[in-house]
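Subject: Structure handover

Dear colleague,

Here is the structure I said I would pass on.

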Amino acid sequence: MRNVVLLLLAALVPPGASPAAQVPDFKVQIWGGAAADFTARMSAYEALRGKLEQGLPRLEVTANPLEILRAENLLAERIREARAGARRGSIFSQPIRAAFKRALHSEVGPGKCEAIRDDNPGEFSYRINGTYPKSRPVSTMPPGMLAVLPELPADVYYRFLGRDLVLHDTRANVILDEIDDAITCPPR
């Protein structure tokens, strides 16, 4: 059996590669039911948002920012009303938060921490179901972190606010939920 594994590993390594390149780095995330639960919650949110968009003016490409803001605000109003009871954990339940923290922990390193800090707006006061402030930059997620997290519906993004991870619906500019202290980066 050991020979078969070595043969398979040898087949994965290009000829002349350095010894360090000969040992592939495989990471396995064990999500259990947390990923399925999260995906179901996000699908339910996506369906709700789709229903709430019915009857609203279609957002079209325009040079008038007030039209965009109006469409965003109308949808946000409906979302806030429909999710009036939304609190921390409405989407990121305790088991989901724990699974996300484990997945992110395996991806945190000096290079990724610097990438996160680069466009991170830092910590600021926000509410679940609240507006993401237009005056704050929006962070992007390093590709390796995105690769280990479940996919999101269109126009919903993972964002870091300091060390917190939030779900940001950009179509309505609403913060849907958060995981406090989702990552730990060493100080600069």
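The notes below go through the sheet, then the helices, then the aromatic pairs and a few backbone angles. Please keep in mind throughout that this is a predicted model.

**The sheet**

The sheet is open and has 3 strands in the order S1-S2-S3, with antiparallel pairing. Its edges are strand S1 (156–161) and strand S3 (174–179), each of which pairs on one side only. From one strand to the next the twist averages 30°.

S1 and S2 run antiparallel and are joined by 6 bridges. Across this pairing, Leu161 stands opposite Asp164 in S2. The two strands make a hairpin with 2 residues between them, and Gly162 in that turn has a positive phi of about 65°.

Leu165 stands opposite Ile179 in S3, and Val166 has Glu178 in S3 as its bridge partner. The hairpin of S2 and S3 has 4 residues between the strands.

How much of S2 is buried? The count is 6 of the 6 residues, so S2 is largely enclosed by the rest of the structure. In a regular strand, side chains alternate between the two faces of the sheet. In S2 both faces are covered: one side has Asp164, Val166 and His168, the other has Leu165, Leu167 and Asp169, and all of these are buried. Note that the buried set includes Asp164, His168 and Asp169 along with the leucines and the valine.

H2 has 20 residues and reaches 28 Å from its first C-alpha to its last, close to the 28 Å expected at 1.5 Å a residue. Its buried residues are Ala34, Phe38, Met42, Tyr45, Arg49 and Leu52. Seen down the axis of H2, these residues fall within an arc of 80°, so they line one face of the helix. Arg49 is one of the buried residues of H2 and may be worth a look when you view that face. The face turned away from the buried side carries the exposed residues Ala36, Ala47 and Lys51.

What covers the buried residues of H2? The cover includes helix H3 (65–82), H4, S1, S2 and S3. After H2 comes Gly55, with a positive phi near 85°.

**Aromatic pairs**

Searching the whole structure gives 7 aromatic pairs. In one of them, the rings of Phe38 and Phe100 have their centres 5.0 Å apart and their planes at 65°, so this pair is edge-to-face. The pair links distant parts of the chain: Phe38 is in helix H2 (residues 34–53) and Phe100 in helix H4 (residues 94–105), 62 residues apart. Phe38 and Phe100 are both buried.

Another pair is Phe124 with Tyr132, whose ring centres are 5.8 Å apart and whose planes are at 85°, so this one is edge-to-face too. Phe124 is buried, as is Tyr132.

Ring pairs also link Phe38, Phe92, Phe100 and Tyr158 into a cluster.

Two residues deserve a check of the backbone. Asn173 has a positive phi of about 55° although it is not a glycine. Asn173 lies in the loop between S2 and S3. Is Asn173 buried or exposed? Its relative accessible area is 5%, and the cut-off for buried is under 20%, so Asn173 counts as buried.

Asp181 also has a positive phi, of about 50°, and is likewise not a glycine. Asp181 is placed in the segment after S3. At 37% relative accessibility, Asp181 counts as partly exposed.

**Where to look**

One is S2, with both of its faces covered.

Regards

Definitions and conventions: Residues are numbered from 1 along each chain as its sequence is written. This is a predicted model: local features need pLDDT of at least 70, side-chain atom pairs count only at pLDDT 80 or more; totals for chains, interfaces and linings use all residues. Side-chain values use heavy atoms; hydrogens and water are left out. Rings of Phe, Tyr and Trp (its six-membered ring) pair if their centres lie within 6.5 Å; planes under 30 degrees apart count as stacked, over 60 as edge-to-face and the rest as tilted. Buried means under 20% relative accessible area, exposed over 50%, partly exposed in between (1.4 Å probe, protein chains only). Two strands pair if DSSP finds at least two bridges between them. Axes are lines fitted to C-alpha atoms, for helices over the stretch in contact, and angles run from 0 to 180 degrees between N-to-C directions. The expected span of a helix is 1.5 Å times one less than its number of residues. The arc is that of the directions from the helix axis to the C-beta atoms. Contact means heavy atoms within 4.5 Å.
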